[in-house]
Amino acid sequence: MKSIVMTAVGGSNVLQHVDGPDPVPGEGEVLVQVHVAGVNFMDIGVRQGMAWTDMPNPKPLGVEGAGHVLAIGAGVKSFQVGDRVAWVYAPGSYAERIAIPERALVPIPAAIDDRTAAAVMMQGLTASHFATDFYPVQQGDIALVHAAAGGVGLLLTQIIKLRGGQVIGRVSSEDKSSIAKSVGADHVIVDTEGKFADTAMRITGGEGVHVVYDGSGPKTFQGSLDSLMRAGTFCWFGPVLGGPGPLDIMSLPRSIKIGYATFFDHIHTPELLIARSSRLFEWIEHGKLRVNIGGVYSLADARRAHEDMESRKTTGKLLLVP
């Protein structure tokens, strides 16, 4: 069986395409043939030594994908051989086959293709958490969405619009502006230096935005603070790019609320995982949510997928096909 492992902490050169034994499903596990694996910034963080540090190298990468059931272990009741399934967190998903706990899988509706299913799991559930749990967007709310042409940003923009909000999207280049607008961004700010707050305040008539969704690292932190209205909410995410450093809570301006959003809190039970995923699939089926796939690579080409994602030049979701 082919898979991608990291041999050490480091750059993309530590990724290796290797042969290994086929996994065997244990009790409560399902053996899945991987059709598509999703590429996420989390995978880059693991490769750079920011997570999974207790797991020895070489270790497999990837957590997300879609495929079909090859075999089931003892006690599995929800799935049968041949069922199409997707998952959001199963370490070792950069592989041809993987054994996954039954509780971590969701069924894929017939109307949803494998690439779309894989592309919407982590980023879709993340965006759903941000706009419905962490800060439940209300009719008329104005949100500032960083990296609005990225995988999370494109989905988040659409979910905010579904809930009646307005979106100011920040992108890093002019060519990404049209992509953000194509999914409903009301305004787009092109910025690479973290100097966007004045424009956001001008767009909002000096009031500021209700919520900022910022996964762009420390460079944008102060600008995001400056863009918020009184009692606004700051949703911080994206640890791969680094944090803002120590904060003096008494220095936070205008009674704002700030927090770190983790998508697992959105799906902390198997029932919630299925419910939230089903809602995403339903939106897609009814044309309310469009998934933008920005690049498809062979499994052997995982190194290039990481390099392209790190360059910040890609848009939408990147996928690997074994």
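Analyst: Lys and Arg count as positive and Asp and Glu as negative, whereas His and the chain ends are not counted. On that basis, the mean positions of the 28 positive and 32 negative charges of the chain are 4 Å apart. Please note that the model is a predicted one.

User: How do you know that the radius of gyration of the chain agrees with that of a compact globule?

Analyst: For 322 residues, a compact globule would have a radius of gyration near 20 Å. The chain has 20 Å, and therefore the two agree. The C-alpha trace spans about 60 × 40 × 40 Å along its principal axes. The chain holds 8 helices and 16 strands, and 52% of its 322 residues count as buried. Among contacts between residues at least 6 apart in sequence, 68% join residues at least 24 apart.

User: Why is Thr 126 called buried?

Analyst: Buried means under 20% relative accessible area. Thr 126 has 10%, so the term buried applies. Thr 126 lies in helix α2, residues 114–134, and touches Val 152 and Phe 263, not counting residues up to four places away in sequence.

User: What makes Gln 123 a buried residue?

Analyst: Gln 123 has a relative accessible area of 10%, so Gln 123 is buried, the limit being under 20%. This residue is also found in helix α2. Leaving aside neighbours within four places in sequence, Gln 123 is in contact with Asn 40, Glu 64, Gly 151, Val 152, Leu 155 and Lys 317.

User: Why are the buried residues of α8 said to be on the same side of the helix?

Analyst: In α8, residues 302–310, the buried residues are Ala 302, Ala 305, His 306 and Met 309. They cover an arc of only 100 degrees around the axis, and therefore they are on the same side of α8. An α-helix has 3.6 residues a turn, so residues three or four places apart point the same way. The buried residues of α8 pack against several elements, among them β1 (2–6), α1 (41–47) and β16 (317–321). Just after α8, Arg 312 takes a positive phi of about 65 degrees.

User: How do you know that the buried residues of α4 are on the same side of that helix?

Analyst: Lys 176, Ser 177 and Ala 180 are buried in α4, residues 174–182. Their arc around the axis is only 115 degrees, which puts them on the same side of α4. The cover of these buried residues includes α3 (151–162), β10 (166–171) and β11 (187–190). Gly 184, which follows α4, has a positive phi near 120 degrees.

User: What makes Ala 231 partly exposed?

Analyst: Partly exposed lies between the buried limit of under 20% and the exposed limit of over 50%. Ala 231 has 40% relative accessibility and so counts as partly exposed. Ala 231 lies in strand β13, residues 228–236, and has a positive phi of about 65 degrees although it is not a glycine.

User: Why is Ser 255 called exposed?

Analyst: Exposed means over 50% relative accessible area. Ser 255 has 60%, and therefore is exposed. The place of Ser 255 is in the loop between β13 and β14 (257–260). Although Ser 255 is not a glycine, its phi is positive, about 55 degrees.

Terms used:
Residues numbered from 1 in each chain as written. Predicted model: local features only at pLDDT ≥ 70, side-chain atom pairs only at ≥ 80, totals over all residues. Heavy atoms only, no water. Helix = DSSP H or I, 4+ residues; strand = E, 2+ residues; numbered from the N terminus. Rg over C-alpha atoms; globule rule 2.2 N^0.38 Å. Buried < 20%, exposed > 50% of the residue type's maximum accessible area, 1.4 Å probe, protein only. Contact = heavy atoms within 4.5 Å. Charge placed at Lys NZ, Arg CZ, Asp CG, Glu CD. Arc of directions from axis to C-beta.
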